[in-house]
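Subject: Structure handover

Hello,

Here is the structure I promised to pass on. Please open it next to this message.

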Amino acid sequence: MVLTGTKALKRFALVLTLSVAPVAAFAQAPADADVLTNYANIAEAGYGDALSTAKALEAAVDALIATPSEATLTAARDAWKAARIPYQQTEAFRFGNPIVDDWEGKVNAWPLDEGLIDYVDASYGTESDSNALYVANIIANPKITVDGKEIDATEITPALLQDSLQEAAGVESNVATGYHAIEFLLWGQDLHGTGPGAGERPYTDYSTAEHADRRAAYLKAATTLLVTDLEEMVGDWAEGGAAREASPGLGIASILTGMGSLSYGEVAGERMKLGLLLHDPEEEHDCFSDNTHVSHLNDGIGVRNVYLGKYTRVDGSVVEGASLSQLVAAKDPALDTEIKALLDDTVVKLTAIATRAENGEAYDQQIAEGNVEGNATVQAGIDALIAQTRGIERAVALLQLDNVTIEDSDSLSNPDSVFE
């Protein structure tokens, strides 16, 4: 019997599928060195985009300081949000690369005790058993004492922030530098709890308010330092850079360590499940700006980027090449297909969170106690991140890697401890 028309096309498609699938199982795997080279190329491009958008943020901050107004404050906030997109996609290079881990705290440490930096609402309190600098308020006080030593903060400079204030007194929440310090200086505290609304710092904080000049100096120093720090990391991934040179020795395990740890312990656990368990807006990643949904989504996209070996730059150009996906597919095409589906599902679930936020229900509202639909949407994102981690673990086993350690989180593995 001869088939014609639609039936023939369907049969042809079926035959083509059946004939191609076995070939994929024997596809030649790319060399590990080629995969790692492309991985480094994507890192260099991603940090390069983070740098270019940080420079745009610095220009917007300069405009705000020169002419404080609603318009220049809004423009600086918009530039900060734009800068978060490429940076968050680079977080997939954490955990597996010691050079990145040693550096990362300078640019994205959180949560922070914002009273170290500037004025806070009375509801913040006046002291902390764990932090003597809880309300040190550098902007209002040109001299402070740290561990019995007087620090001269008369002139607020990048060096002061980096060398004397960042993690001052050995307290991790004394975050003086990076995106979140800048975020606080642009938005101020979000005093709305799990209700609608983000921080509402007025532009007059940079013109007629008390300590306006010192506040502007701090904001300028922090943005200048962010640019400098990102320049360092771009250099580390450039040809001859320390991170690129170290990558072959770390091997394919570094990619899977980064993917798994960011997916599981960091985002699913510390950034999402912990806040959901406590219904606490202080546990959201971008807590002053209500931009958390964007950061979580771009973390998910970043993990997918490194698996596929493909990154779309801010200007629309694409960096791509030999990939971890191809390594897995050469040994087990079904597992590769499964992992790609899991990564896509995570992006879909994180997009659902972002869509709710863009439609008026911010992330801190979604995790609020009693918000059944919002809680379920966030939990779906957590579940998808956990599921993709299980796929990543299967890839580790397939590739017979014994040097991959995926970060854990008590909020996932021991949730009762969160309430102790």
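Below is what turned up, grouped by topic.

One caution at the start: this is a predicted model.

**Salt bridges**

The whole structure holds 25 salt bridges.

Begin with arginine 94. Its side chain meets that of glutamate 91 in a salt bridge, at 3.1 Å from N to O. Both arginine 94 and glutamate 91 are buried. For arginine 94 the relative accessible area is 9%, under the 20% cut-off, so arginine 94 counts as buried. Arginine 94 sits in the loop between H3 and H4. From arginine 94 to alanine 181 there are 87 residues in sequence and 20 Å in space, C-alpha to C-alpha.

Next, glutamate 266 pairs with arginine 271 in a salt bridge, with 3.1 Å between the closest N and O atoms. Are these two partners buried or exposed? Glutamate 266 is buried, because its relative accessibility is 14%. Arginine 271 is buried too, because its relative accessible area is 1%. Now look at the wider picture. Salt bridges with shared partners link Glu91, Arg94, Glu104, Glu266, Arg271 and Asp299 into one network.

Then there is arginine 356. A salt bridge of 2.8 Å, N to O, joins its side chain to that of glutamate 361. Arginine 356 has a relative accessibility of 22%, so it counts as partly exposed.

As background, side chains of opposite charge can pair when their charged atoms come close.

**A negative patch**

Which residues form the negative surface patch? They are Glu270, Glu407, Asp408, Asp410, Asp416 and Glu420. Take aspartate 408 as a way in. Aspartate 408 lies in the loop that runs between helix H14 (372-398) and helix H15 (410-413). Its relative accessible area is 47%, so aspartate 408 is partly exposed.

**A buried asparagine**

Asparagine 174 is in the loop between helix H5 (158-165) and helix H6 (179-187). Its relative accessibility is 0%, so asparagine 174 counts as buried. What does its side chain contact? A polar contact of 2.7 Å connects it to the side chain of asparagine 131.

**Backbone points to check**

Most residues other than glycine have a negative phi, and most peptide bonds are trans.

- Proline 111 is in the loop between helix H4 (98-108) and strand S1 (143-146).
- Phenylalanine 95: phi is positive, near 70 degrees. Phenylalanine 95 belongs to the loop between helix H3 (70-89) and H4. It counts as buried, because its relative accessibility is 17%.
- Glutamate 167: phi is positive here as well, near 55 degrees. Glutamate 167 is in the loop between H5 and H6. It counts as partly exposed, because its relative accessibility is 37%.

Two loops come up under more than one heading. The loop between H3 and H4 holds arginine 94 and phenylalanine 95. The loop between H5 and H6 holds asparagine 174 and glutamate 167.

Best wishes

Methods
Residues numbered from 1 in each chain as written. Predicted model: local features only at pLDDT ≥ 70, side-chain atom pairs only at ≥ 80, totals over all residues. Heavy atoms only, no water. Patch = residues over 30% accessible without salt bridge, like charges linked within 9 Å, V, L, I, M, F, W, Y side chains within 5 Å. Areas by Shrake-Rupley, 256 points an atom, 1.4 Å probe, with all protein chains shown as cover. Salt bridge = Lys/Arg side-chain N within 4 Å of Asp/Glu carboxyl O. Lys, Arg positive; Asp, Glu negative; His and termini not counted. Charge placed at Lys NZ, Arg CZ, Asp CG, Glu CD. Helix = DSSP H or I, 4+ residues; strand = E, 2+ residues; numbered from the N terminus. Buried < 20%, exposed > 50% of the residue type's maximum accessible area, 1.4 Å probe, protein only. Polar contact = N/O pair within 3.5 Å; in protein donor to acceptor, adjacent residues only side chain to side chain.
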